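I opened the notebook today to look up charged pairs, surface and pockets in one model. I note below what I looked up, in the order in which I went through it.

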Amino acid sequence: MKGGLIMPGLKKNSKTDWERVQRDAATDAPIKYDPDTDLYDPNNPEQVQNFLASAKVVRKPGRPKAETTKIPTAIRLSSDVVEYFKSTGAGWQSRIDAALRDWMAGHPQKRV
């Protein structure tokens with residue numbers, strides 16, 4: 001049954017035939033290896049170890065880290081305020097942040 005087994009850690013059904021993988025893992029048969037296309041012989045422990053030792057974890061590129069990060073917070077706002085900013089499209093939370101900064105500039109904090 002291809003894709004029927006859900007493996008731990010996967011969020012949805014995998015298209016991998018996990019039953020076949022488990023059957024193959026239970027046998028001691030050598031893994032098929034083609035020196036023209038494969039990077040190393042999976043049946044040779046030394047080659048496997050060398051390959052894994054030289055492997056580099058590649059992280060998917062994402063948004064660059066901002067100079068000043070924002071702090072996630074929960075805030076209660078009037079529904080019309082939220083609807084207004086949301087109607088302006090993506091980045092509405094940043095626009096609320098900018099509006100609050102603008103307000104802060106006109107209202108210096110009083111020290112007590």
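I began with Arg101 and Asp97, whose side chains meet in a salt bridge at 3.5 Å from N to O; I take a salt bridge to be a side-chain nitrogen of Lys or Arg within 4 Å of a carboxyl oxygen of Asp or Glu. The model is a predicted one, in which local features need pLDDT of at least 70 and side-chain atom pairs count only at pLDDT 80 or more, while totals for chains, interfaces and linings use all residues. Residues are numbered from 1 along each chain as its sequence is written, and side-chain values use heavy atoms, with hydrogens and water left out.

Why can Arg101 and Asp97 be about one helical turn apart? I found that they are separated by about one turn because they are 4 residues apart in helix H4. As a general point, an α-helix has 3.6 residues a turn, so residues three or four places apart point the same way. For helices I use DSSP runs (H or I, at least four residues; strands are E, at least two), numbered from the N terminus.

I then checked how covered the two ends are, calling a residue buried under 20% relative accessible area, exposed over 50% and partly exposed in between (1.4 Å probe, protein chains only). Arg101 is exposed at 53%, whereas Asp97 is partly exposed at 28%.

Next I looked up Asp97 again, and noted that it forms a salt bridge with Lys70, with the closest N and O atoms 4.0 Å apart. This pair links distant parts of the chain, since Asp97 is in helix H4 (residues 92-106) and Lys70 is in the loop between helix H2 (45-54) and helix H3 (79-87), 27 residues apart. Lys70 counts as exposed, with 56% relative accessibility. Through shared partners, the salt bridges join Lys70, Asp97 and Arg101 into one network.

How many salt bridges does the rule give? I get a count of 3, and among them is the one between Arg20 and Asp24, at 3.7 Å from N to O. Arg20 and Asp24 are 4 residues apart in helix H1 (residues 18-26), and so about one helical turn apart. Arg20 is partly exposed at 42% relative accessibility, and Asp24 is partly exposed at 42% as well.

I turned to the pockets (open sets of points on a 1 Å grid over the protein atoms alone where a 1.4 Å probe fits, with protein on both sides within 12 Å along at least five of seven lines; lining residues have an atom within 4 Å of a point). The largest pocket has a volume of about 610 Å³, where volume is the space filled by probe spheres set on the points, joined across faces, edges and corners. Its lining holds 17 residues, and Lys70, Ile71, Thr73, Gln93 and Asp97 lie nearest its centre. H4 gives the largest share of that lining, with 8 residues.

Buried residues make up 5% of its 112 residues, and in H2, which is hardly covered, the count of buried residues among 10 is 0.
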